[in-house]
Each structure stands twice: as structure tokens, then as C-alpha cells.
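Student: I would like to go through a structure with you. Could you take me from the overall fold down to single residues?

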Amino acid sequence: MKLATWNVNSLKVRLQQLLDWLASAQPDVVCLQETKLEDARFPLAAIEAAGYRAACSGQKTYNGVAILARDPLEQVDFGFPHEHKRLLAATVSDTRVVCVYCPNGQAVGTEKYAHKLQWFGQLREWLSGQMASHPRLAVAGDFNVAPEDRDVHDPRAWEGQVLCSEPERAALREIVALGLSDSFRLFTQPEKSFTWWDYRMLGFRRNAGLRIDYILLSAELAARCTACAIDKAPRRLERPSDHAPVVAELR
DNA sequence: ATGGCTACGATCCGTAGA
């Protein structure tokens with residue numbers, strides 16, 4: 001199974017890029033974030049025409065998540081109650097797939113930052129339940145945390161800043177401590193591997209990025225993971241998302 | 001120089017993202 005995650009930053013704007021990418025990358029399951037579409041406006045027909053089924057949980061303007069899969073999506077769950085559409089889970093051919101779009105947190109010390117940390121606590125609690133009932137669990141998405149300094153283009157400049165601060169990293173570690181592995185780090189990777197680059201300041205051209213999108217795997221799935229990579233090709237397109245897809249292969 | 005894009009829904013600027 002080829003499992004991917006991609007923050008598309010508006011599915012309306014990026015639909016054609018997504019369809020092109022599905023055709024070229026041939027993933028079996030794709031978790032999408034920042035669809036920014038109400039469910040009634042989700043482009044289901046185009047996605048089905050591409051050979052995928054879908055479950056979605058969206059809202060106007062902000063947030064929004066979806067899971068696409070070639071096989072049927074069963075036991076669809078929307079996670080813990082929250083005003084933002086940030087969580088979606090489904091079982092696809094015996095694998096439990098959780099799609100997450102974690103809060104950004106704006107800046108250290110703000111209300112949104114406090115809410116982000118609280119949200120990670122809720123996510124941990126909810127995921128521990130998922131772990132208990134689904135030994136084959138994958139949590140894929142935009143976590144909005146760079147786990148370590150090697151996931152940051154300029155750790156000095158970002159030290160203590162939102163997305164890199166120690167409380168955020170600790171909250172992420174608590175989730176990983178449930179028994180999950182960062183699939184990207186199961187393999188030797190190029191230095192300065194990132195999944196997000198600022199639209200400003202020629203971020204992508206300078207590779208001034210962060211690795212904030214990843215796929216966490218339970219022990220059973222980690223043992224079956226044969227590869228994980230960032231696909232930078234869509235970030236090179238005209239009018240790209242600011243995030244690149246991450247793809248994990250599971251045997 | 002703390003900005004510099006982009007998307008969105010509202011107007012021709014504010015909010016949000018990361």
C-alpha cells in the first residue's frame with residue numbers, strides 16, 4: 001500500500017494538481033489537509049473519476065480534511081468534538097488511517113498557541129483509543145511541529161519559535177510515545193529534507209523549509225514500511241501548495 | 001528592514017496560514 005499525505009492549501013485551487021499527482025504517483029490512500037471546502041462542495045465526482053473513493057470533513061475558508069482511497073473506506077470517524085474540521089479516520093483494507101491537520105499556533109504565548117498545546121493533548125487521548133482498537137494504525141498529516149532541529153533549515157533563527165518550540169515538540173513526543181514511529185526517520189534521508197517552504201523570500205528556491213508533515217506508524221505498520229519520501233515535484237509547479245506530499249510504502 | 005506570498009471573503013483591505 002502506498003500511503004500519502006498532502007496539505008493542498010485549498011482543494012478548489014489545487015484540484016487539477018491533485019488529479020495529475022494521483023495519476024503520476026499512483027498512491028492507494030491519500031490524506032489531504034486544508035481543503036477549505038464545505039462537504040457539499042467537495043469535488044467527489046472528479047476524484048471518483050480518477051479511481052478513488054473519498055471521505056471528507058470540511059468547512060468554508062479554513063481547515064478541512066479528506067481521505068482518498070482506491071478501496072472502500074469503512075468505520076469513518078471524525079475524532080473528538082471540535083469546532084474546526086481537523087480530524088478524520090477511516091479503515092482501508094485492514095489499515096486504520098487517521099488524517100490530521102494540527103493547529104498552527106500563530107505565535108508562542110498567544111491564545112492560539114495555548115489552544116494548540118491543548119489540542120495535542122486531546123489528540124493524544126483520542127489516538128490512544130484508536131491504538132487500542134487498531135494495531136495497524138497510521139497517523140498522517142500536517143502536524144505543524146518540526147520534531148527536531150534537523151527538520152529546520154535554520155534552527156538558530158527558529159529556536160523557540162512557533163512550530164519549533166520545546167512545548168510543541170514535547171507534545172508531539174507524547175503522541176509518538178503511544179507507540180508510533182516517524183516513518184520518514186526509519187530510513188536514511190537526505191540532509192535538509194523539508195515538507196513546507198514559505199511562499200515568501202524565495203523559500204523553496206533557497207530550500208528554507210521545515211519538515212512538519214509526516215506519517216506516524218504503529219509498530220506493526222512500521223515493521224512493514226519499506227520506504228518513505230517527500231515528493232517535491234508538486235512544489236515546483238506554477239501556483240503550488242506551500243506543502244509537498246509525503247509518501248510511505250507499506251508491504 | 002521582523003517584511004517579502006497566497007487563499008479567502010470581503011471589497012480595493014483584514015485574517016490566517018507557517
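Predicted model: local features only at pLDDT ≥ 70, side-chain atom pairs only at ≥ 80, totals over all residues.

Student: Understood. How many helices and strands are there in chain A?
Tutor: Chain A contains 6 helices and 14 strands.

Student: And what about the radius of gyration of chain A?
Tutor: The value is 17 Å for chain A. A compact globule with 251 residues would have a radius of gyration near 18 Å, so the model agrees with that expectation. Along the principal axes, the C-alpha atoms fill a box of roughly 45 × 45 × 40 Å.

Student: What share of the residues of chain A counts as buried?
Tutor: Of the 251 residues, 44% count as buried. As for contacts in chain A with a separation of 6 or more, 64% of them are accounted for by residues 24 or more positions apart.

Student: Which residues have the most contacts inside the largest nonpolar core?
Tutor: They are Ile67, Val97, Ala138 and Ile215, in a core that has 72 residues.

Student: Changing topic: what span should helix H3 have, and what does the model give?
Tutor: Helix H3 runs over residues 111-133, which makes 23 residues. At 1.5 Å a residue these should span 33 Å, and the end C-alpha atoms are 34 Å apart, so the two figures agree.

Student: Which residues of H3 are buried, and what do they pack against?
Tutor: The buried ones are Lys116, Trp119, Phe120, Leu123 and Leu127. Their packing partners are strand E7 (95-101), strand E8 (137-142) and helix H5 (166-176).

Student: Why does tryptophan 119 count as buried?
Tutor: Tryptophan 119 has 22 other C-beta atoms within 10 Å, and the cut-off for a buried residue is 20 or more, so it counts as buried. Beyond residues up to four places away in sequence, tryptophan 119 touches Cys102 and Pro103.

Student: Now for aspartate 213. Where is it found, and is it buried or exposed?
Tutor: Aspartate 213 is found in strand E12, residues 213-218. It counts as buried because it has 26 C-beta neighbours inside 10 Å.

Student: Which residues does aspartate 213 touch?
Tutor: Not counting residues up to four places away in sequence, aspartate 213 touches Thr5, Asn7, Gly141, Asp142, Thr195, Trp196, His243 and Val246.

Student: And isoleucine 212, where does that lie?
Tutor: Isoleucine 212 lies in the loop between E11 and E12. With 23 C-beta neighbours inside 10 Å, isoleucine 212 counts as buried. The C-alpha atoms of isoleucine 212 and phenylalanine 194, 18 residues apart along the chain, are separated by 7.5 Å.

Student: Next, backbone angles. What is the phi of aspartate 94?
Tutor: Phi of aspartate 94 is near 70°, a positive value in a residue other than glycine. Aspartate 94 sits in the loop between strand E6 (87-92) and E7. It is exposed, with 11 other C-beta atoms within 10 Å.

Student: And what about the phi of methionine 201?
Tutor: Methionine 201 is not a glycine either, and its phi is positive, about 60°. Its place is in the loop between strand E10 (196-197) and strand E11 (209-210). Methionine 201 is exposed, with 10 other C-beta atoms within 10 Å.

Student: Finally, the DNA. Which residues come nearest to DNA strand B?
Tutor: Ser10, Thr61, Asn104, Tyr199 and Arg200 come nearest, out of 22 residues around DNA strand B.

Student: How do the residues of that surface divide into nonpolar, polar and charged?
Tutor: The surface near DNA strand B has 7 nonpolar, 7 polar and 8 charged residues.

Student: How far is Thr61 from aspartate 213?
Tutor: The C-alpha atoms of aspartate 213 and threonine 61 are separated by 21 Å, and the two residues are 152 residues apart along the chain.

Note on methods: Residues numbered from 1 in each chain as written. Chains lettered and ligands numbered in written order. Near = placed C-beta within 6 Å. Nonpolar A, V, L, I, M, F, W, Y, C, P; charged D, E, K, R; others polar. Core = buried A, V, L, I, M, F, W, Y, C linked by C-beta atoms within 7 Å. Buried ≥ 20, exposed ≤ 12 C-beta atoms within 10 Å, placed from the backbone. Helix = DSSP H or I, 4+ residues; strand = E, 2+ residues; numbered from the N terminus. Expected span 1.5 Å × (residues − 1). Contact = placed C-beta atoms within 7 Å. Rg over C-alpha atoms; globule rule 2.2 N^0.38 Å.
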